[in-house]
Amino acid sequence: MSAPGSSRWARLFPFLDWFPVSFLILRGDLIAGITGALVLVPKAMAYAQLSGLPVHFGLYVALVPAIIAALWGSSRQLSTGPVAIISLMTAAAITPLAVPLSAEFIELALLLTLMVGIIQFALGAFKLGTIVNFVSHPVILGFMNAAAIIIALSQLNMLLGIPKGSTGSFLGDVWETLSFLPQTHLPTLGMAFFALVLMLVLKRIGPISKLSVLIAVAVTIVVSALIGFEQKTQVRIDQVIDTPLRESLLAYDQTNQRIRALNAQAVEQAARLRALPETDERAIAALRHALHLSELDAADSADENKQRWRELSRLRLARIEAPAGGEARFALPGQAGADVQTDGRSWRIMEVADGELQLSGGGDVVGNIQQGLPELRLPTIGFDAFLSLLSAAVVIALVGFMESMAMAKALAAKTRQRLNPNQELLGQGLANLAGSFFQSYPASGSFTGSAINLQAGAKTGFAMVFNALFIAATLLFLTPLLYHLPKATLGVIILLAVTSLITPAALKHTWRANRADGVVAAITFVVTLVAAPHLDQGILIGAGLAVLLYLWRTMKPRVAVLGRHPDGVLRDVQVHPDLPTSPEVLALRFDDTLYFANAAFFESQVLDELAKKPTASHLLIVANGINQMDASGEEVVRHLVERLRAGGIQVVFCGVKKQVLDVMRRTDLDQLIGADNLYPNEEQALTAIYATLGRDGRSELLPPGHAIILPLPSTPTGHQQTP
């Protein structure tokens, strides 16, 4: 028997329901946690690379948010951390506002995490978990498939060792990236191919299949270190001997400095603008004009440098070895001269800043990873940034929760655990809220991590606590071992992770099930691809289309004219045109909710059918299919009853459901219709109608051999016993 008040404490601290915990359960959770962490470490770094943040931020997402989500969520096996879709959406939301890997980008990522956490927590606190149902399955299907393709194509530069396009649109970026194919870095391509083959082979070996990614990471780190995969150097611009190239590099560097100065000036002007009193209209107008000019100048300079960088990133330099004690020089390959000694490498320009060049003559590796646990850090909240990220935050919050719940439901189906969507929203919201203070970008439920948890025997959320503790140990002690990890390996990890999200069979199944839903999925897919990197537009347009489609479907529902089938059931005469009907009785069935969008259509259909049968004196409305009725529907029914009664036609209802009858009673519509015109089923209603007409109706709407039994007098509710 639970202690007094224990249920209240369990609502505040859901993890109390795990107790008492036996040693066997804790041991199983420990094994599951360590197993999951071994797989998660490389994937977390890969997803951070996808998000536009330094790789250690992926480990941060797998730390504090994972623990909080486990303690305050409703699923005991759900693994929360970095996932591919949310990582991509994070990059897509912030990239238009800041340069990836920059300090400003990191600040915006923390703000985005805070906003996502607030949205999810608020939805959970107000018990609005069902709001995600507004985003239909076809919309999610189209979005997921498009996002998976975007994720895969976004790794081209990492897999091929070529520059990434920067046109402002995803498809443009891909096209520009493909234009660099002649500059493919063969060692990088070879490392990517080696990592891919290694992971696929290891995955087929049963005993180590779960650790295939970790083993491949370890092997490629060793290979990278042994062959000297990374070759980087930093030189001054004046070490480039080609004069036009040196001038172009200097111009690029100076323009970058000008852009930074203009951006700082714009930030300062925006702060002064917010501080001005609203009454000082002249000063406000002048400052707005100055701010606009600063932004235009910065944009023009950025466009100018973007074109310069396209040209610079295509160049390859040769390193001219200097005499002992001298400085090396760099030249374009054709200008080095046949008799000049070079190191035989082809050096690429990776970065130009502060009069210096970052050059790479090998493949990209992770390099130095910040060691230590994330520090407590308050997100910087700016009004302009808040508005810019708001729509993306809403979409990420909903998509993240839907992904979490989809996995949690799959786990619950196997463990028979009861889920609470609102509690899961609270858990995910608290996880992202806490994560924003510990340098985390948005987290979500992970399919891979959750599946490993279940397979490894996790019974409680302690598995994720142990998982996070292993991640903490990695951050504290193991990051130096990851220095030589090739970024191409991370690209392969991402590529393999998203292949399961590309599901053409599911899209085809949706099309077969319902053509309109198939169109919505296809439009969402296309819009997501075309609008990328603004992924929120794809899902918002898809959700809007799904709602419009629902309204369109319900605006003109089926209104069936009924006849008596030989099997004794009233059926639609449009489907069975030979069914007998009655010249004096029109029987109609309305197959939908009667509300504002279709009330006028209902009235129009009733009047049209009555116009086709001028001899009708009774209208029977079979209301079994009407689940709800709003004020508009009630008003139409009221006017219809009054109008037809004035024209000598009696309106009779049967099979009215309780919730619809409640509306009739509250508005006194049942009194207008009359108790003798409300019946529990069609047989009693038709029996009473034909008794009024003075004949049996057995060759028409009543079944053959039906005995006519006159109904007893009743109260207004006497005929309405069906719930």
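Figure 1. The protein chain carries 55 positive and 56 negative charges. Their mean positions lie 8 Å apart. The model shown here is predicted.

**Figure 2. Overall dimensions of the protein chain.** The C-alpha trace spans about 120 × 70 × 55 Å along its principal axes. The radius of gyration is 34 Å, whereas a compact globule of 723 residues would have one near 27 Å. The chain holds 26 helices and 13 strands. Of its 723 residues, 49% count as buried. Among contacts with a separation of 6 or more, 77% link residues 24 or more positions apart.

Figure 3. Strand S5 covers residues 347–353 and pairs with strand S3, residues 316–320. The two run antiparallel and are joined by two bridges. Here arginine 316 stands opposite arginine 348 of S5. S5 also pairs with strand S6, residues 356–360. This pairing is antiparallel too, with five bridges. Within it, glutamate 351 has glutamine 358 of S6 as its bridge partner.

**Figure 4. The turn between S5 and S6.** S5 and S6 form a hairpin. Two residues lie between the strands. Aspartate 354 sits in the turn, with a positive phi of about 55 degrees.

**Figure 5. The six-stranded sheet.** Six strands build an open sheet with mixed pairing. Their order is S9-S8-S10-S11-S12-S13. Strand S9 (570–572) and strand S13 (678–679) are the edge strands, each pairing on one side only. Cysteine 654 has tyrosine 679 of S13 as its bridge partner.

**Figure 6. Strand S10 and its two partners.** Strand S10 spans residues 585–590. Is this strand largely enclosed or open? Five of its six residues are buried, so S10 is largely enclosed by the rest of the structure. Strand S8, residues 559–564, joins S10 through three bridges in an antiparallel arrangement. Valine 561 faces leucine 588 of S10 across this pairing. Strand S11, residues 618–622, runs parallel to S10 over five bridges. There, alanine 587 stands opposite leucine 620 of S11.

Figure 7. Alanine 468 belongs to helix H17, residues 462–478. Its relative accessibility is 0%, so alanine 468 counts as buried; the cut-off for buried is under 20%. Which residues does alanine 468 touch, leaving aside those up to four places away in sequence? They are Ala62, Leu63 and Ile67. Glycine 81 is 387 residues away from alanine 468 in sequence. In space, the C-alpha atoms of alanine 468 and glycine 81 are 9.7 Å apart.

Notes. Residues are numbered from 1 along each chain as its sequence is written. This is a predicted model: local features need pLDDT of at least 70, side-chain atom pairs count only at pLDDT 80 or more; totals for chains, interfaces and linings use all residues. Side-chain values use heavy atoms; hydrogens and water are left out. Helices (H or I, at least four residues) and strands (E, at least two) are DSSP runs, numbered from the N terminus. The radius of gyration is taken over C-alpha atoms; the globule rule is 2.2 Å times the number of residues to the power 0.38. Buried means under 20% relative accessible area, exposed over 50%, partly exposed in between (1.4 Å probe, protein chains only). Contact means heavy atoms within 4.5 Å. Lys and Arg count as positive and Asp and Glu as negative; His and the chain ends are not counted. The place of a charge is taken as NZ of Lys, CZ of Arg, CG of Asp or CD of Glu. Two strands pair if DSSP finds at least two bridges between them.
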